[in-house]
Amino acid sequence: MPVDLNLLIGGAAGQGVHAITLPLAKALMRQGYWVLGVQDYQSRIRGGHLFNKVRLADRRLFSSREGVDLLIALNQETVTLHQQELSPQGLIIYDAAEVKELPGDVPSLALSPKNLLPGAAEKAEIAVNARACGAVLGLLRVPLAPMLALLQETFGGKGAEVVEWNVQAATKGYEQAGALAGRFSMEQITPPPEPRLLINGHEAMALGALAGGLQFICGYPMTPWTSLLNAIALRAERYNVVVEQAEDEIAAINMAIGASYAGARALTGTSGGGFCLMTEALGLAAVTETPLVIVVSMRPGPSTGLPTRTEQGDLSFVLYASQGDSPRAVLAPGTPAQGFALTAKALNWADRYQLPVIILTDQYFGDTQFTHTPGEFPEVQVDRALTTGPSSGTYERYAYSADGVSPRRVPGFGPDLVVADSDEHTPDGHLTEDLAVRVKMHDKRLRKLKGLVQEMGGITTAGDPDAALTLICWGSSLGPVQEAVARLEGEKTPARMVHLSELWPFPAGPVAAALKGSKKLVMIEMNASGQLNHLLRQETGIKVDHLVLKYDGAPFTPEYILRGLSGMV
Amino acid sequence: MLPIELYEGLESAWCPGCGNFALLKAFKQALGELEIRPQDLLVVSGIGQSSKFPHYLKCHTFNGIHGRTLPVGTGVRLANPELKVVCVAGDGDCYGEGGNHLLAALRRNVDLTLVVHNNQIYALTKGQASPTTDQGQKTTLQPQGVPYPPLAALALAVSQNCSWVGRGSATDPGHLQDLYKQAITHRGFALLEVLQPCVSFNRVNTYQWYRERAYRVEESPGYDPENELWAYQKAKEWGESIPIGVIYRHPRPILEEAHPALAAGPLVRQQPKRDLNQLLADFF
């Protein structure tokens, strides 16, 4: 019998929902489960309702799914809001001090912190979280020792006493769950021979950036982009990275351009509204041919929209943002491993083609924890494409060239002067109003895309290559679509996924080839207008048969996609 | 002493008689006296007549967009602390469009020089009020007169303990040349505002207007640029008399020192640590 369980841990902000989810998910991952953890939170510091979902299985997971098997409720609201999602085998573990009303027909387990650790409220709060973790492991008959080690790792910094409360509480919960144990027995799952990673999209991109030789990052905080900035800042000292918090997004991108002009590998990022502020300088990076990677982490708009939710609504925006025909590349990873590889690649492409490279992520991609193997994070190459040799004496920053790429020097390597200008300019970098030069220089800049598009591909396929039905998607929708395809195949409906992660300059040839032979094309996107659909039509003339769109701020689930296909399959 | 011909750039497109000519010449002379080679200097500019300044020089140049000289210059310094950086902006560019960056720069104390060419008007767009246009002055966009007072940028800088604050004038080029030298050699953020007559669009603040008012503050009794309260009073002085010279000096640690990654010199010369196994270990 395959194992596939969904845990939902819910409470008010400030109750420690996130604090317990990570150790729990990690303990389960170390034990050998494939774990996938999704965060759902509101834009507030305390109160409100937030929950995390942890799905665990004995096989690789690509997506979260609907339904709840184990509801861990730290407050009443969690029970009230989620009890209807409980599966027939479902069970509730709850904080008896907070939860008073339970559905009558669902087995439940009460955790009472007061009986365990009398005294300070703080102790009780910590205790109930750890106790819930212990109870979950007891229920699943997973050894407790790895969890106790993680509690030591997590709370060691707070002193031996805090660790001891947590260890006591987890042990008590583990014992208490004994009565119900066996309901979800998973004794047959053993730790993998090689350790796996539990990592979210933004953490993986931070690793890709650092492995790719990042030297400078600056940004202004904005959800959901901030988690990437934080993940790099946390490691900055170890990896010799300059991290500067900018006064606004306009400063962030201009500062990153300055650092890159001076030769540092530079990255900045933001989310929707912040990118609105960056667009003028996006053109500045393009016209001055300054390499730059910009991460745009999407959330639902327009304007402030739903700040802590997810969407893929900024593709059209980043494709065309900034005035004039302004060259850029646009990438959109689908998994943490892709995020790792594409971030390193983006740094290389930015340097090689001397233009801004935008990486689109979203809240779901950034915050969702995936289980990966270390082999999925291979060593990356660093290609700075800098000219640092002896001075030619006649250096021109924007020398005309067949591929549009001019030799790039930076200040500090001898007498060659590096003159960069936002005005239209002559090859030596000085402003000009010579209209013939304008055409020649503009052609030179745009010609770089012809070389870059030759390198573009980024197509991931899954399912039956000969299937009549093809589901097309991009960015973070990969997982849910891949699982939808697997489920269709399980129901004897051959289907195929074509996922795009390299979106601009659009790899029209490879995409058209990948879609060839399909009888029915369905575009699956997390936005209201079908933005990749427009792009596909524009670049290849291909017209899809059906669109499955979602823009309520919650991530795709395989079930949602399958419902969207009903009537077609 | 290096010859000023070394810094000869493109032929200028400024109006004949523009105050900028005096600034350009004094700047070149200051560079020559300081023996700063073109390859050791970056001039960052934005948009406006002042922002053409680096094109008329010979040095590393980054002519960016309106209002953003300071973030670009800051980014450069945080990547290469060996490069001498001078940001050149106008009153509209720096005090208007890029105001937030000035506030941040005053706090950061990056080791760069900000020169604000203050002609008290928007010249490139032909004569609208700038943040420093005097109250009541009639312009193309404010035919009834500017309804509010000008920004006292130097007083703002003193109030935030800017590490070096000074004012020069196109009407006193020898004095200006010395101020350039002091600002460029100052360790930390130096704000040098230069009174620069616009002969085409500002018929009020003319050469004569500035000549009648600007006086060398260091020659006046009680000169005390290390004294914050004295400096604040001098920075607020504007009208019948306008002090020029070093107004405030307040040495403090520079931002570059706060970034350990810069201790080993320019980032471009460093070999990044890229230990993948160590990176992955956090997630097992």
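Two strands are taken to pair if DSSP finds at least two bridges between them. On that basis, 9 strands form an open sheet of mixed pairing, in the order β15(A)-β2(B)-β1(B)-β3(B)-β4(B)-β6(B)-β5(B)-β8(B)-β7(B). The model is a predicted one. The points below begin with this sheet and the chain contact, and then take up each chain separately.

**The sheet with strands from both chains**

- At the edges of the sheet stand β15 of chain A and β7 (214–216) of chain B; each has a single partner strand, so one side of each is left without a neighbour in the sheet.
- From one strand to the next, the twist averages 20°.
- Strand β15 (residues 419–421) of chain A runs parallel to β2(B), and 3 bridges join the two.
- Within this pairing, A:Val419 is placed opposite B:Thr61 of β2(B).
- B:Tyr215 has B:Pro243 in β8(B) as its bridge partner.

**Contact between chains A and B**

- The contact brings 44 residues of chain B together with 52 residues of chain A.
- On the chain B side, the elements that give two or more residues are β2 (60–63), α2 (69–77), α4 (99–108) and α10 (276–281).
- The largest share of that side, 6 residues, is supplied by α2(B).
- By residue class, the side of chain B that touches chain A comprises 25 nonpolar, 14 polar and 5 charged residues.

**Domains of chain A**

- Chain A is divided into domain 1 (4–180), domain 2 (198–376), domain 3 (387–455) and domain 4 (459–565).
- A distance of 58 Å separates the C-alpha centres of domain 1 and domain 3 of chain A.

**The sheet within chain A**

- In chain A, 7 strands make up an open sheet with mixed pairing, in the order β9-β8-β10-β11-β13-β12-β19.
- Its edges are β9 (242–245) and β19 (502–504) of chain A, each with a single partner strand, so one side of each is left without a neighbour in the sheet.
- On average, and with direction ignored, neighbouring strands of this sheet are turned by 20° against each other.
- Strand β11 (residues 292–298) of chain A and strand β13 (residues 356–362) of chain A pair in the parallel sense, with 7 bridges between them.
- Opposite A:Val295 stands A:Ile359 in β13(A).
- Helix α12 (residues 336–353) of chain A lies across β11, β12 (329–331) and β13 of chain A, and runs at about 160° to β13(A).

**Helix packing in chain A**

- Helix α5 (residues 145–155) and helix α6 (residues 160–176) of chain A pack at an angle of about 155°, with their axes 9 Å apart.
- Angles over 145 degrees count as roughly antiparallel, and α5(A) and α6(A) are therefore roughly antiparallel to each other.
- The crossing of α5(A) and α6(A) is right-handed.
- In this contact, A:Met147, A:Leu148, A:Leu151, A:Gln152 and A:Phe155 of α5(A) meet A:Val162, A:Val163, A:Asn166, A:Val167 and A:Ala170 of α6(A).
- The residues of the contact of α5(A) with α6(A) are 8 nonpolar and 2 polar, with no charged residue.
- Helix α7 (residues 201–211) and helix α8 (residues 226–233) of chain A pack at about 45°, and their axes are 8 Å apart.
- This angle makes α7(A) oblique to α8(A).
- The crossing of α7(A) past α8(A) is right-handed.
- Residues making the contact include A:His202, A:Glu203 and A:Met205 of α7(A), and A:Ser227 and A:Leu228 of α8(A).
- The residues of the contact of α7(A) with α8(A) comprise 7 nonpolar, 2 polar and 1 charged.

**Helix packing in chain B**

- Helix α1 (residues 20–34) and helix α6 (residues 173–185) of chain B pack at an angle of about 55°, with their axes 8 Å apart.
- Helices α1(B) and α6(B) are therefore oblique to each other.
- The crossing in which α1(B) passes α6(B) is right-handed.
- Among the residues making the contact are B:Phe27 and B:Leu34 of α1(B), and B:Tyr180 and B:Ile184 of α6(B).
- The residues of the contact of α1(B) with α6(B) divide into 10 nonpolar, 3 polar and 3 charged.

Conventions
Residues are numbered from 1 along each chain as its sequence is written. Chains are lettered from A and ligands numbered from 1 in the order in which they are written. This is a predicted model: local features need pLDDT of at least 70, side-chain atom pairs count only at pLDDT 80 or more; totals for chains, interfaces and linings use all residues. Two residues are in contact if their C-beta atoms, placed from the backbone, lie within 7 Å. Helices (H or I, at least four residues) and strands (E, at least two) are DSSP runs, numbered from the N terminus. Ala, Val, Leu, Ile, Met, Phe, Trp, Tyr, Cys and Pro count as nonpolar, Asp, Glu, Lys and Arg as charged, and the others, Gly among them, as polar. Axes are lines fitted to C-alpha atoms, for helices over the stretch in contact, and angles run from 0 to 180 degrees between N-to-C directions. Angles under 35 degrees count as roughly parallel, over 145 as roughly antiparallel, 65 to 115 as roughly perpendicular and the rest as oblique. A crossing is left-handed if the near helix is turned anticlockwise from the far one by less than a right angle, and right-handed if clockwise. Domain bounds come from an automatic or database domain assignment.
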